[in-house]
Amino acid sequence: MLKKVHFRLTLLGTGVTGGILILTTLIYLFVWENNLWRNRFQTFQSDMNNVVSSLENTTVISGAYLSSLEAGGRYLVYLEDNGMPFLYGNIVENEERQEKQALLAEVKDYYEDHFDDMPKGLIFAYHTEFIYEKRTGILSKDKFYVCAAILSKEQGQLSLFIISPQTSYQKQMIWQWLFFALINLLAILFLYLFFYRLTGYALRPVKESTQKQERFIASASHELRTPLSVMLSCAALIPSEDKKEQKRLCDIIENEGGMMKRLLNEMLLSASLSVSQIALEKEETEADTLLLNCVEAFEPMANEKGLTLSALLPEEAIPPLCCDKHKIEQVLSILLHNAISYTERGGSITASLSYHKSGKRHFVFSVADTGIGISDGDKKQIFERFYRSDESRSEKGHFGLGLSIAKEIVEGHKGTIKVKDTPGGGSTFIIEL
Ligand code: ADP
């Protein structure tokens with residue numbers, strides 16, 4: 001599922017940025033090519049101005065001059081003297097010459113179809129430039145710049161066609177387009193890799209949380225199945241005669257049932273906290289009595305594990321705390337339960353309360369233990385839902401939900417919860433309200 005989302009996000013990112021890149025490249029190439037052709041045509045026009053005026057100013061048009069214009073295939077020149085073709089240079093009847101003649105014939109036809117007849121009886125030279133395009137395939141056509149001119153000479157009129165083939169420039173343009181297409185292709189490939197990494201990075205928290213949830217579901221089903229099978233096997237043995245044995249089995253059932261209830265309660269609370277804002281029923285509460293009650297409730301559990309559990313309360317009277325009594329009790333119970341679970345036999349746990357007149361938050365609860373402690377890496381994550389450090393995975397009755405619930409409740413009270421090391425070893429959780 002996540003892989004699909006990852007792939008789709010990558011495609012979306014690449015598609016949008018790649019599309020923008022292609023569009024800007026196309027616009028750039030289009031404008032650049034148009035400007036280039038316009039400039040080339042203007043240059044051709046001014047060149048033709050010079051050619052026509054130099055031909056106009058010479059009394060005898062030399063074949064050498066015309067041949068020099070044709071040199072290197074730059075121009076093709078066709079001259080008619082009073083309607084008769086003017087022959088110059090090496091007239092060799094070969095295929096190339098025939099091709100040129102055919103092209104001249106096409107250009108002349110095109111000129112006659114698209115322009116008025118050349119003016120006659122002019123004193124000055126007349127010339128016009130145009131673009132002739134010859135289709136060579138479905139998508140391709142060769143481009144020619146053409147100058148048609150009339151020169152008035154003493155012996156009569158000379159009509160002149162000068163053709164400048166643009167095919168080599170067209171080829172250059174095609175290479176330019178191919179070059180940009182290649183660059184765009186490489187850029188899109190790079191964008192794909194970039195977005196693949198970026199979306200992978202962005203989805204990492206989602207992936208981690210899905211993995212945690214999957215782990216949680218696996219361990220929660222395990223946690224529910226084990227006590228259920230214990231309860232069922234105990235229930236099967238209850239009909240025995242031995243009263244003492246019956247009592248022991250009932251105690252086991254109660255104990256295991258209690259554990260299942262705790263897990264289900266935590267799951268329900270956690271699920272409800274994730275869909276809605278925490279609902280608080282605040283009332284004025286005696287904070288010291290609240291802490292004392294919690295500590296007393298956990299005394300049997302601590303004694304059973306051989307731990308010293310004590311409470312440190314302020315000596316002077318303190319004002320009441322406005323809070324949701326049951327929710328704060330729940331937070332303290334989570335911290336005390338964890339402290340007992342993660343402290344070795346013989347250790348000690350101290351729950352304390354202090355009151356500070358100054359500052360934003362006046363009540364400070366703390367639960368300090370001398371237990372296994374929490375590594376700096378784990379400290380950053382223990383308040384996340386479903387997080388359990390490796391050492392605590394085997395701890396029964398712990399599902400990685402307690403501290404995330406505690407955090408939601410404390411933050412619902414606009415308070416803070418944090419953890420630090422207990423001097424000498426262990427962890428201390430501090431709540432400020
Ligand atoms: P859990 O129900 O697994 O204890 P919590 O959300 O209450 O879940 O705690 C998350 C993790 O934080 C625990 O799995 C444990 O690794 C660590 N932790 C919590 N309290 C203590 C503590 N007092 N000492 C050491 N580790 C603790």
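The model is predicted: local features need pLDDT of at least 70, side-chain atom pairs count only at pLDDT 80 or more, and totals for chains, interfaces and linings use all residues. Residues are numbered from 1 along each chain as its sequence is written, and side-chain values use heavy atoms, with hydrogens and water left out.

The ligand is surrounded by 20 residues, each with a heavy atom within 4 Å of it. N338, Y342, S389, H398 and L403 are the closest. The shell splits into 10 nonpolar, 8 polar and 2 charged residues; Tyr counts as nonpolar and Gly as polar.

The table lists polar contacts (N or O pairs within 3.5 Å).

| Residue | Ligand atom | Distance |
|---|---|---|
| N338 side chain | oxygen | 2.8 Å |
| Y342 side chain | oxygen | 2.8 Å |
| D369 side chain | nitrogen | 2.8 Å |

Alone, the ligand exposes 530 Å² (Shrake-Rupley, 1.4 Å probe). The protein buries 99% of that area.

Elements giving two or more shell residues are α7 (325-341), α9 (402-412) and β12 (427-432). These are DSSP runs: helices are H or I of at least four residues, strands E of at least two.

The α7 and α9 axes, fitted to C-alpha atoms over the stretch in contact, come within 9 Å and cross at roughly 150°. Therefore α7 is roughly antiparallel to α9 (angles over 145 degrees).

How values were computed: A polar contact is a pair of N or O atoms within 3.5 Å; within protein, one must be able to donate a hydrogen and the other to accept it, and residues adjacent in sequence count only if both atoms are side-chain atoms. Axes are lines fitted to C-alpha atoms, for helices over the stretch in contact, and angles run from 0 to 180 degrees between N-to-C directions. Angles under 35 degrees count as roughly parallel, over 145 as roughly antiparallel, 65 to 115 as roughly perpendicular and the rest as oblique.
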